[in-house]
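Student: I would like to go through this model and ask what stands behind each label.
Tutor: Go ahead; each label will be set against its cut-off.

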Amino acid sequence: MPDNGWPADRIDTESAHSARIYDYILGGKDYYPADREAGDAMAREWPALPIHMRANRDWMNRAVRWLAEEAGIRQFLDIGTGIPTSPNLHEIAQSVAPASRVVYVDNDPIVLTLSQGLLASSEEGKTAYVEADMRDPGSILDAPELRETLDLSQPVALTVIAIVHFMLDADDAVGVVRRLLEPLPPGSYLAMTIATAQFAPEEVGRVAREYAARNMPMRLRTIDEAHEFFTGLDLVKPGIVQVHKWHPDGTGEQGIRDEDIAMYGAVARKG
């Protein structure tokens, strides 16, 4: 476990946190005993959980690379960044185009403390970090760090990866995403992963109950509900599919069962 001088008054080390559970499952080091206990309990309920989480991370890698290589995107706004795990989004984008600019957004004090790993930009590009809650889009869009890093007259890729399942109906996740997209110009993109229980309802339902028992209730969505986020946008082929099946080049993921993945992924263009 780390001892990085995190601000003790802002970090609850006794309770599990979704970003730290994710870090633990992925083999990271930035977690506490409560996170390890939670991750182990969830993996007992659904042994495919590590496969699922790694597939989500792999999707991010493919989607960002596609946005940089094929769509020519040079600006990224990443919502719900989570604990830095290499390769981070800017590392992927800047490996394609060194001048790429990335703004990371999260509201976890641990992510803020570790954000130096997110700010190691190439000389040609730039990265910035905004501490904000996505449920308040205005605090993100008006942040000086964003305005100093991104040119909103040019296309931006808005990435919202593995986060909206922690937004309940009262939070209006669809409305929040639309508000974040609103100031982005035509030619911008939305890239999202959206949790679902459609392929392993019993197992994923048990995992969701483990999260809820630790004060992290989840809102899992159907394919029709996933489509609501992309209303008015042009979906990139293959559309909204499980993350392991999202391969714009037409290839498929080998060796991963559909029932081991509880996340839809999609990329869409704003016209």
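**Labels and their grounds**

Tutor: Q75 is found in strand β1. Keep in mind that this is a predicted model.

Student: Why is Q75 called buried?

Tutor: Buried requires a relative accessible area under 20%. Q75 has 7%, so Q75 is buried.

Student: What does the side chain of Q75 reach?

Tutor: The side chain of Q75 comes to 3.2 Å from the backbone oxygen of P155. The limit for a polar contact is 3.5 Å. Leaving aside residues up to four places away in sequence, Q75 touches R101, T149, L150, D151, Q154, P155, V156 and A157.

Student: Where is N56, and why is N56 called buried?

Tutor: N56 sits in helix α3, residues 49–69. Its relative accessible area is 2%, and the cut-off is under 20%, so N56 counts as buried.

Student: What makes the pair N56 and Y22 a polar contact?

Tutor: The two side chains meet at 3.2 Å, and a polar contact needs N or O atoms within 3.5 Å, one able to donate a hydrogen and the other to accept it. Y22 is also among the residues that N56 touches, together with I161, A162, T193, V243 and M263, when residues up to four places away in sequence are not counted.

Student: Why is G232 called exposed?

Tutor: Exposed means over 50%. G232 has a relative accessible area of 69%, so G232 is exposed. G232 lies in the loop between α10 (223–228) and β6 (234–235).

Student: How far apart are G232 and G271 in sequence and in space?

Tutor: They are 39 residues apart in sequence, and their C-alpha atoms are 8.2 Å apart.

Student: What makes helix α1 mostly covered?

Tutor: Helix α1 covers residues 18–25, and six of its eight residues are buried. The buried ones are S18, A19, R20, I21, D23 and I25. They pack against α2 (33–45), α3, α5 (109–113) and α9 (201–213). Just after α1, G27 has a positive phi of about 90°.

Student: Which residues of helix α4 are buried, and what do they pack against?

Tutor: In α4 (residues 89–96) the buried residues are L89, H90, I92, A93 and Q94. The elements they pack against are α3, β1 (75–79), β2 (101–106), β3 (126–131) and β4 (157–161).

Student: How many helices and strands does the protein have, and what makes the protein as compact as a globular protein of that length?

Tutor: There are ten helices and eight strands. The radius of gyration is 18 Å, and the globule rule gives 18 Å for 271 residues; the two values are close, so the protein is as compact as a globular protein of that length. The C-alpha trace spans about 45 × 45 × 35 Å along its principal axes.

Student: How much of the protein is buried, and what share of the contacts joins residues 24 or more positions apart?

Tutor: Of the 271 residues, 52% count as buried. Among contacts with a separation of 6 or more, 74% join residues 24 or more positions apart.

Student: What can be said about the surface and the charges?

Tutor: The accessible surface comes to about 11800 Å², with 47% belonging to carbon and sulfur atoms. The protein has 26 positive and 42 negative charges, and their mean positions are 3 Å apart.

Note on methods. Residues are numbered from 1 along each chain as its sequence is written. This is a predicted model: local features need pLDDT of at least 70, side-chain atom pairs count only at pLDDT 80 or more; totals for chains, interfaces and linings use all residues. Side-chain values use heavy atoms; hydrogens and water are left out. Helices (H or I, at least four residues) and strands (E, at least two) are DSSP runs, numbered from the N terminus. Buried means under 20% relative accessible area, exposed over 50%, partly exposed in between (1.4 Å probe, protein chains only). Contact means heavy atoms within 4.5 Å. The radius of gyration is taken over C-alpha atoms; the globule rule is 2.2 Å times the number of residues to the power 0.38. Accessible areas come from the Shrake-Rupley method with a 1.4 Å probe; for residues, only the protein chains shown count as cover. Lys and Arg count as positive and Asp and Glu as negative; His and the chain ends are not counted. The place of a charge is taken as NZ of Lys, CZ of Arg, CG of Asp or CD of Glu.
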